[in-house]
Amino acid sequence: MELFIFDELLLACNLSPKYKVHNTFYLMKFNNFLTIIVMVLAGTLEAQNLHSHANAASINNEANSVSGWTGDAVISSDASNVYQGSYALKAASTSNDGRTIDYSFTAQIGQQYTIRIWAKEGEQVSSSPSPAFAVWSGLNGFETTPIQGTSWNEYVFNVTATSTACTIRAYTSQRSTRFTSGNTIYLDAISIVPADSQAPSAVTTLAASGTTSTSTQLTWSASTDNVGVVSYEVFRGGQLIGTTAQPNFSVTGLTSNTTYSFTVLAYDLAGNASLAGNTVNVTTLSNPDTEPPSAVTTLAASDITTNSAQLAWTASTDNVGVVSYDVFRGGQL
């Protein structure tokens, strides 16, 4: 049934909701995590995200398209208001009750799913269009959720499938403005994944090889998970130095003849972190510089007196750096 009362909902917005809304400013770590998802889901974990069409709001196979999305609103791919990647979905109302944007997917009855949608209000024609997520079907645990603000916010829904055919829907405006065209919302970075509370296995096979005076290569056996591992965080001396989607990492910028300790944590799509695994200690090599400086070929004498002379030359060059010059007289230093 399409009856959802935004006026009453908006008055109740300050009540503790069951859904979670996160402002972009407070999600720096999750932004980093999404970056890794973009790298990985294009491969082995693509099937885990039920928002599987190649379209503007896909996090794993983004395209300049609205494939998979239907509705009565004017739906388009937009590059001007984007949360992630190059495109976002844009839905604009029409003057003939065109307010909906829908996405349907096949689910497993009884399975819990976490649905993440980044959304924001766009151009507004009505004074209070009050867009919202509403009238979802085949999913238990969902409640009508207003889309608030012109900044990107993430809306997270934890639901359980009651049907194999499920649909999520957003409205560009409330029912009272259904004959007004131009009320707009934007959607981006959408994922629909099975709920997951099980952490990946710990990385216990971390090893280093190919160590030089300034670098080393870390490798390990892939961690395992009930849903799928999407990233690894690499730590040096307890400090995060990088993330990778593959079970290897090149460490650079080290100091010669110095000992470092490294550990790795694995993360799954739900953000569960593995326990700490083994630590590998690496000692970099001494500086192997064997290239000599350029020869001094511009030596000249000036201000010569009966008992002194002033020597000068153009500075020598070296791949690392010249630190001193030895001056010889008659072959003697």
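A nonpolar surface patch of about 470 Å² is formed by V296, L299, L311, V322, Y325 and V327 in this model, which is predicted. Elsewhere, the largest nonpolar core comprises 31 residues, and another core, of 16 residues, lies apart from it.

**Surface patch**
- V322, one of the residues that make the nonpolar patch, is located in the segment after β21, the strand that spans 310–312.
- With a relative accessible area of 30%, V322 is classed as partly exposed, because that class lies between the limits of 20% and 50%.

**Nonpolar cores**
- Within the core of 31 residues, those with the most contacts inside it are I115, F133, I168 and L187.
- The elements that supply two or more residues to this core are β4 (88–92), β5 (100–106), β6 (112–121), β10 (153–161), β11 and β12 (184–194).
- When neighbours within four places in sequence are left aside, I115 is in contact with F105, W136, L139, Y155, V156, F157, V159, I168, S191 and I192.
- The other core, which lies apart, includes Y232, V234, F262 and V264 among its 16 residues.

**Surroundings of T167**
- T167 belongs to strand β11, which covers residues 165–171, and T167 counts as buried because its relative accessible area of 18% falls under 20%.
- Not counting residues up to four places away in sequence, T167 touches D102, Y103, S104, W136, S137 and L139, and its side chain makes a polar contact with the side chain of S104 at 2.8 Å.
- Although T167 and F105 are separated by 62 residues in sequence, their C-alpha atoms are 6.4 Å apart in space.

Notes
Residues numbered from 1 in each chain as written. Predicted model: local features only at pLDDT ≥ 70, side-chain atom pairs only at ≥ 80, totals over all residues. Heavy atoms only, no water. Helix = DSSP H or I, 4+ residues; strand = E, 2+ residues; numbered from the N terminus. Buried < 20%, exposed > 50% of the residue type's maximum accessible area, 1.4 Å probe, protein only. Contact = heavy atoms within 4.5 Å. Polar contact = N/O pair within 3.5 Å; in protein donor to acceptor, adjacent residues only side chain to side chain. Core = buried A, V, L, I, M, F, W, Y, C linked by side-chain atoms within 4.5 Å. Patch = residues over 30% accessible without salt bridge, like charges linked within 9 Å, V, L, I, M, F, W, Y side chains within 5 Å. Areas by Shrake-Rupley, 256 points an atom, 1.4 Å probe, with all protein chains shown as cover. Salt bridge = Lys/Arg side-chain N within 4 Å of Asp/Glu carboxyl O.
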